[in-house]
Amino acid sequence: MAQVTLRKVVKMYDETPAVRGIDLDIADKEFIVLVGPSGCGKSTTLRMIAGLEEITGGEIAIGGDVVNDVPPKDRDIAMVFQNYALYPHMSVFENMSFGLRLKKVARDEIRRRVNDAARILDITELLERKPKQLSGGQRQRVAMGRAIVRDPKVFLFDEPLSNLDAKLRVQMRTEIKKVHQKVRTTTVYVTHDQIEAMTLADRVVVMNGGVIEQVGAPNDLYHTPQTKFVAGFIGSPAMNFIACRLEEAAGALRARLSDTLSLPVPASRTARYKPHVGKSSLLVGLRPEHIREEPRHPEPDLHLFEVMLDVTEPMGMETLVYFTIEGTEICGRVNPNAGAADGAKMRLAAELANMHLIDDSTGKVL
Ligand code: ADP
């Protein structure tokens, strides 16, 4: 087991930067997920850790040793990809033990390690089968088994679930988490799916355009995003961003969204937001769950307002409601029994304790 350190790591493809100098400290036993939109540099980063891509600048260390010039096979890492590349003519046992046989590990030791891994993954019954006799989820387990038996310092996962159907993906996500709880191997996992990132990671690394936007525990990223990009990327449906002007009256601040709607800023934010009064590039950020039906009993820091709903989307446990403020479509989440209907008026409550104020000219959350 080992920690992984990236120092000012750069990757250029010809003249084009794919990774622009990232720093990251991954602790021993930690489960780190790199997440971001397509093309943000997450696979390149993973492949540089694996040694499959040369790094253009900076330093990568595994277990304290700089590995810049160490070939992949000597880095003591195991990779699981989206196409599991199992050998079709070999049994599950043979697939899982192949790497160990190449390394001339003793037969008893191989048997012990494969059996242990099979037990962890609950595939003991499948050891004699060929890959074509397995379901997608079972193949995924075998691919993980092949990584586990090698007992590497680090597991690297590159979108391992993207070939599975939605239901299986959710199931395998839980499996991967359980496996990590058992083996505790330091893991770096790449996905474009923010829900996968949130559910699996000890810490999530959000990447965008070759840089790290923010690193944090899932709930910290969700509740205290530092940039508009992270605020909008994490969470589904996405956070609403509404253009506003900050106004000050009698020592209190209000965020004005339209001629008829202004939201009172909680007093605890006054000092922090006051320098931004009058700026023209401000946005209020409010997650859909912080725009809900009027509660039965009064609550602090709620602002009630009435809207005309454009569309409603019943989801079962909640209903999504859409309305427009000054041309911006806003999404709220209300109780399915709250009486929301397409084209109907509804009184809603904005939870201002959970508002964010963003400077759209810098992309920073204030
Ligand atoms: P992600 O995994 O986040 O989708 P990648 O790390 O694969 O992104 O790619 C980052 C950027 O580098 C993209 O702009 C991509 O087009 C570019 N890129 C990736 N691999 C190569 C390559 N072999 N040659 C040239 N450009 C590449």
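1. P88 lies in the loop that runs between β6 and α2, where helices (H or I, at least four residues) and strands (E, at least two) are DSSP runs numbered from the N terminus. Because its relative accessibility is 60%, P88 counts as exposed; the cut-offs are under 20% relative accessible area for buried, over 50% for exposed and in between for partly exposed (1.4 Å probe, protein chains only). Leaving aside neighbours within four places in sequence, P88 is in contact with K130 and P131, contact meaning heavy atoms within 4.5 Å. The C-alpha atoms of P88 and T45, which are 43 residues apart along the chain, are separated by 30 Å.

2. On the basis of the values: this is a predicted model, in which local features need pLDDT of at least 70 and side-chain atom pairs count only at pLDDT 80 or more, while totals for chains, interfaces and linings use all residues. Residues are numbered from 1 along each chain as its sequence is written, and side-chain values use heavy atoms, with hydrogens and water left out.

3. S91 is also found in the loop between β6 (77-80) and α2 (92-102). Its relative accessibility is 6%, so S91 counts as buried. Not counting residues up to four places away in sequence, S91 touches L127, E128, R129 and K130.

4. Concerning the protein as a whole, there are 9 helices and 22 strands. Buried residues account for 48% of the 366 residues. The C-alpha atoms fill a box of roughly 80 × 45 × 35 Å, taken along the principal axes. Of the contacts between residues at least 6 apart in sequence, 66% join residues at least 24 apart.

5. Helices α2 and α4 pack at an angle of about 30°, their axes being 8 Å apart; axes are lines fitted to C-alpha atoms, for helices over the stretch in contact, and angles run from 0 to 180 degrees between N-to-C directions. The two helices are therefore roughly parallel to each other, given that angles under 35 degrees count as roughly parallel, over 145 as roughly antiparallel, 65 to 115 as roughly perpendicular and the rest as oblique. The contact is made by V92, N95, M96 and L100 of α2 with V142, G145, R146 and V149 of α4. By class, the contact of α2 with α4 has 5 nonpolar, 2 polar and 1 charged residues; Ala, Val, Leu, Ile, Met, Phe, Trp, Tyr, Cys and Pro count as nonpolar, Asp, Glu, Lys and Arg as charged, and the others, Gly among them, as polar.

6. The axes of α3 (residues 107-121) and α4 (residues 136-149) come within 9 Å and cross at roughly 135°, which makes α3 oblique to α4. In this pairing, R113, V114, A117 and L121 of α3 meet R141, M144, G145, I148 and V149 of α4. The contact of α3 with α4 has 6 nonpolar, 1 polar and 2 charged residues.

7. Helix α5 (residues 166-183) has 18 residues and reaches 26 Å from its first C-alpha to its last, close to the 26 Å expected at 1.5 Å a residue; the expected span is 1.5 Å times one less than the number of residues. Buried residues in α5 are L168, M172, R173, E175, I176, V179, H180 and V183. The elements covering them include β3 (31-35), α3, α4, β7 (154-158), β8 (186-191) and α6 (194-200). Just after α5, R184 takes a positive phi of about 55°.
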